[in-house]
Structures are given as C-alpha cells and as structure tokens.
Amino acid sequence: MFEQIQKELAQYFEIAPEKITRETDFANDLKADSLALMELMFTLESETGKTLDDDVMTKVKTVGDLCDYLEKL
C-alpha cells in the first residue's frame, strides 16, 4: 500500500519517490492543499476499489497514517 501511495504522491507533486516516507506530513512536507488531498483520495479510491470516508484527509496527517487507514478497510 505504501509504495502505491508513494508513487501517486511523487507523480502529483513531481518529486522523487524516495523523498516520501511514512513520516512525510501532507501539510508541512508536501504543502498539500485541500484540492490535492481530494484528488489523491479519488485516485486511491479508483485504484484500490476502497471507499474512503469524506473526512479521511482531515483525520490523517502523514503518509503512514493514510497507509494504516487504507489497510484497515
């Protein structure tokens, strides 16, 4: 799951995948705004077939938080 999210974030933010770790903070490290987070959510839903709660991106702060959330679904 982490590798998939890492790949999506690297493409979206045009950065090297190895710069994204489980500790990477969406707001502080990636400077992700609400639009970027919504686009990520829709992409992950279509690729994983899982439905994310509308407020999931307000609950998760790091890439690791998001991985853990998706793995529990």
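The structure holds 1 aromatic pair, a pair being rings of Phe, Tyr and Trp (its six-membered ring) with centres within 6.5 Å, where planes under 30 degrees apart count as stacked, over 60 as edge-to-face and the rest as tilted. Select Tyr12 and Phe13 to see this pair: the ring centres are 4.9 Å apart and the planes stand at 75°, so the arrangement is edge-to-face. Tyr12 is partly exposed, with a relative accessible area of 38%, and Phe13, at 21%, is partly exposed as well; here buried means under 20% relative accessible area, exposed over 50% and partly exposed in between, computed with a 1.4 Å probe on protein chains only.

Before going further, note that this is a predicted model, in which local features need a pLDDT of at least 70 and side-chain atom pairs count only at pLDDT 80 or more, while totals for chains, interfaces and linings use all residues. Residues are numbered from 1 along each chain as its sequence is written, and side-chain values use heavy atoms, with hydrogens and water left out.

Colour the model next by pLDDT, the predictor's confidence in each residue, from 0 to 100. The protein averages 92, and 100% of the residues score at least 70. Confidence is lowest in helix 3 (residues 56–59), with a mean of 85, and highest in helix 4 (residues 63–72), with 94; helices (H or I, at least four residues) and strands (E, at least two) are DSSP runs, numbered from the N terminus.

Now select helix 1, residues 2–13. The 12 residues of helix 1 should span 16 Å at 1.5 Å a residue, and the end C-alpha atoms are 16 Å apart, which agrees; the expected span is 1.5 Å times one less than the number of residues. Phe2, Ile5, Gln6, Glu8, Leu9 and Ala10 are buried in this helix, and what covers the buried residues includes helix 2 and helix 4. Centre on Gln6, which is buried with a relative accessible area of 14% and touches Pro17, Glu18 and Ile20, not counting residues up to four places away in sequence; contact means heavy atoms within 4.5 Å.

Moving off the end of helix 1, select Glu14, which follows the helix and has a positive phi of about 55° although it is not a glycine. Most residues other than glycine have a negative phi. Glu14 is found in the loop between helix 1 and helix 2 and is exposed, with a relative accessible area of 73%. In the loop between helix 1 and helix 2, select also Lys31, which has a positive phi of about 55° and is exposed at 62%.

Select Arg22 and Asp68, whose side chains meet in a salt bridge at 2.6 Å, N to O. Arg22 lies in the loop between helix 1 and helix 2 (34–48) and Asp68 in helix 4, so the pair ties together parts that are 46 residues apart in sequence. Arg22 is partly exposed at 32% relative accessibility, and Asp68 is partly exposed at 33%.

For the last stop, select Lys59, whose side chain meets that of Asp53 at 3.8 Å, N to O, and that of Asp55 at 3.6 Å, N to O. Salt bridges that share partners join Asp53, Asp55 and Lys59 into one network. Asp53 is partly exposed at 36%, and Asp55 is partly exposed at 37%.

How values were computed
Salt bridge = Lys/Arg side-chain N within 4 Å of Asp/Glu carboxyl O.
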